[in-house]
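The sequence and structure come before the details.

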Amino acid sequence: MAQETANIPLTNSAARLRMAIVRTARRLRQEAAGAGTELTPTAGSALATVERHGPLTPSELAELERIKRPTATRTLRVLLEAGLVDRAPDPVDGRSSLVSVNAAGRERLRRLRGRKNAYLARRMRDLPAADIETLDRAATILERMLEEGSR
């Protein structure tokens with residue numbers, strides 16, 4: 001019973017944090033949409049993953065993005081048609097291909113990230129230094145939680 005009572009504040013904190021993250025992510029997606037990118041959140045995430053880890057096969061992208069292979073294939077098709085990635089034969093597996101971000105894709109990511117970063121910077125501009133330090137520490141903690149969760 002003591003364990004249940006002790007977990008109530010943690011559960012409440014988790015719920016508040018979840019809602020803050022969800023609302024922030026939604027607002028950042030809205031900022032990205034205002035850039036006229038015409039990319040879905042899935043396509044934008046896939047493009048960033050290919051940039052960070054590429055060149056990748058569709059299967060590798062699916063694994064990294066935690067999506068099904070057919071979804072990765074459709075998403076890559078969208079990115080190819082938009083001229084944001086290049087496809088080359090996989091030298092190891094002739095049945096597959098490797099996808100990498102091209103100059104247009106890097107520019108699109110630069111613009112998307114710039115808009116999102118500018119939005120957050122505007123929101124943080126008037127915060128006290130202690131709050132900015134707290135947010136920076138929170139970002140470090142969240143990054144660590146995500147890294148540990150993916151292992």
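## Helix H2

The buried residues of H2 are Ala43, Gly44, Ala46, Leu47, Ala48, Thr49 and Val50. The cover over these buried residues includes H3, helix H4 (69-81), strand E1 (85-89), strand E2 (97-101) and H5.

H2 is made up of 13 residues. From its first C-alpha to its last, H2 reaches 18 Å, close to the 18 Å expected at 1.5 Å a residue.

## The largest pocket

In this predicted model, the largest pocket has a volume of about 2400 Å³. Its lining comprises 47 residues. Those that lie nearest the centre of the pocket are Ile21, Thr24, Ala25, Leu28 and Leu146.

Two or more lining residues come from each of helix H1 (2-33), helix H2 (41-53), helix H3 (58-65), helix H5 (103-124) and helix H6 (129-149). H1 gives the most, with 13 residues. Sorted by class, the lining of the largest pocket holds 25 nonpolar, 9 polar and 13 charged residues.

## Ala14

Ala14 belongs to helix H1. Is Ala14 buried, exposed or partly exposed? Ala14 counts as partly exposed because its relative accessible area is 44%, and the partly exposed class lies between under 20% for buried and over 50% for exposed.

How far apart are Ala14 and Asp131 in sequence and in space? In sequence, Ala14 and Asp131 are 117 residues apart. In space, Ala14 and Asp131 are 19 Å apart, C-alpha to C-alpha.

Terms used:
Residues are numbered from 1 along each chain as its sequence is written. This is a predicted model: local features need pLDDT of at least 70, side-chain atom pairs count only at pLDDT 80 or more; totals for chains, interfaces and linings use all residues. Side-chain values use heavy atoms; hydrogens and water are left out. On a 1 Å grid over the protein atoms alone, a cavity is a set of points where a 1.4 Å probe fits but cannot get out, and a pocket is an open set with protein on both sides within 12 Å along at least five of seven lines; lining residues have an atom within 4 Å of a point. Grid points are joined across faces, edges and corners, and a volume is the space filled by probe spheres set on the points. Helices (H or I, at least four residues) and strands (E, at least two) are DSSP runs, numbered from the N terminus. Ala, Val, Leu, Ile, Met, Phe, Trp, Tyr, Cys and Pro count as nonpolar, Asp, Glu, Lys and Arg as charged, and the others, Gly among them, as polar. The expected span of a helix is 1.5 Å times one less than its number of residues. Buried means under 20% relative accessible area, exposed over 50%, partly exposed in between (1.4 Å probe, protein chains only). Contact means heavy atoms within 4.5 Å.
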